[in-house]
Amino acid sequence: MVLPVEMVQPGIVVIEKIKAKEQLTTPWNVVVHNDPINLMNYVTMVLMRVFGYPRPRAETMMLEVHNKGRSLVWSGEREQAEHYVHQLHGYQLLATMEKSEA
Amino acid sequence: MTELRVQPIDEKHIRISGIPPVLAAMLRELPEILELRELPNAHARLFPNPTADHDKVNDEWQQMVTPELRHLFVSAGETVTRDLTALSSDKANPEGYQVTFPIEHVNAWMSAINQARLILAEVHKIDENEMDRTDFDPQSPKHMASLRIHLLGYLLHLFVDLDKGGEPENPV
């Protein structure tokens, strides 16, 4: 018979709960990466369509992708980050999600 | 001199007119190019992992999301392939070609054109330096692939300009 974890080492349960809570609250970043083929105005259009950003904000992000190789375009809950990356891949942008270090 | 245009002709249809013969030939090649999407390099570019270092998340993504994206991309290619059967001589300019299709196919056209550009780039290993090329040797498959990417890019650019009317009503 296997004893429930909390009866053997109650402390582990608490630690796991803290870890689970951290996983839920730690924001995920959505990052768009540069590639030499996608057009600049196409990337701007996609950022406007996917996130609803106004053109100036989308253009600023597009230029950051172009000049610095990547741009953090959104930050928030993991499930929503996955949804956005899915959409960006649907438009053939190179996009990833990563856990925020903040 | 033909002027390439992408414009609505009524509330339900878009027309690409003034298509030069070289671009018409490239459009006819689109279905063939899109069939290369499962070559390893092209596949990796069109269906990238969502994270840099979370193997479990990446594996789940490739199992769950990639088939959905593949369906989306294949469907866009099929729509454009069907529309291209209407590609014909431009009545207003006999040296050019034109094609008319339903306005709801615009996203499929943008997807198919961009897929083709990305696939050509991967198949011919075209990088940023190659994209800056201005002289094209007709005997070089790589140079001709670069030229195709640029010409298809110009057409895509016109589609994006067409989209400018659809800016968000409630910007973030």
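This is a predicted model: local features need pLDDT of at least 70, side-chain atom pairs count only at pLDDT 80 or more; totals for chains, interfaces and linings use all residues.

Residues are numbered from 1 along each chain as its sequence is written, while chains are lettered from A and ligands numbered from 1 in the order in which they are written.

Let's begin with the layout of chain B. It has seven helices and four strands. Here helices (H or I, at least four residues) and strands (E, at least two) are DSSP runs, numbered from the N terminus. Read from the N terminus on, the elements of chain B go β-β-α-α-α-α-β-β-α-α-α. The C-alpha trace of chain B spans about 55 × 45 × 30 Å along its principal axes.

How much of chain B is buried? Of its 172 residues, 29% are. The word has a cut-off: a residue is buried if 20 or more other C-beta atoms lie within 10 Å of its own, exposed if 12 or fewer, and partly exposed in between, with C-beta atoms placed from the backbone. Among the contacts in chain B with a separation of 6 or more, 64% are between residues 24 or more positions apart.

Now find B:P20, in the loop between β2 (13-19) and α1 (21-34) of chain B. B:P20 counts as partly exposed because it has 18 C-beta neighbours inside 10 Å. From B:P20 to B:D55 is 35 residues in sequence and 47 Å in space, C-alpha to C-alpha.

Step on into helix α1 of chain B and you'll find B:L27. Is B:L27 buried or exposed? It has 23 other C-beta atoms within 10 Å, so B:L27 is buried. Leaving aside neighbours within four places in sequence, B:L27 is in contact with B:L84 and B:L87. B:L27 and B:A116 sit 89 residues apart in sequence, yet their C-alpha atoms are 9.8 Å apart in space.

α1(B) and α4(B) pack with their axes 9 Å apart, at an angle of about 150°. Axes are lines fitted to C-alpha atoms, for helices over the stretch in contact, and angles run from 0 to 180 degrees between N-to-C directions. The angle therefore makes α1(B) roughly antiparallel to α4(B). For reference, angles under 35 degrees count as roughly parallel, over 145 as roughly antiparallel, 65 to 115 as roughly perpendicular and the rest as oblique. On one side of this pair are B:L27, B:R28, B:L30, B:P31 and B:L34 in α1(B), and they meet B:G77, B:V80, B:T81 and B:L84 in α4(B). An α-helix has 3.6 residues a turn, so residues three or four places apart point the same way.

Next comes α5(B), where 15 of the 18 residues are buried. At 1.5 Å a residue, those 18 residues should span 26 Å, and the end C-alpha atoms of α5(B) are 26 Å apart, which agrees. (The expected span is 1.5 Å times one less than the number of residues.) Just after α5(B) comes B:K125, with a positive phi of about 50°. B:K125 is found in the loop between α5 and α6 of chain B, and it is exposed because it has 10 other C-beta atoms within 10 Å.

So where do the two chains meet? In chain B, 27 residues are in contact with 22 residues of chain A. α4 (66-84), α5 (106-123), α6 (128-131) and α7 (141-162) of chain B each supply at least two residues of that side.

Finally, hop over to chain A. The axes of α3 (residues 40-51) and α4 (residues 55-68) of chain A come within 9 Å and cross at roughly 130°. That angle makes α3(A) oblique to α4(A). Further along, A:Q92 lies in the loop between α5 (78-90) and β3 (95-99) of chain A. The phi of A:Q92 is near 65°, a positive value in a residue other than glycine. A:Q92 counts as buried because it has 24 C-beta neighbours inside 10 Å.

Note on methods:
Two residues are in contact if their C-beta atoms, placed from the backbone, lie within 7 Å.
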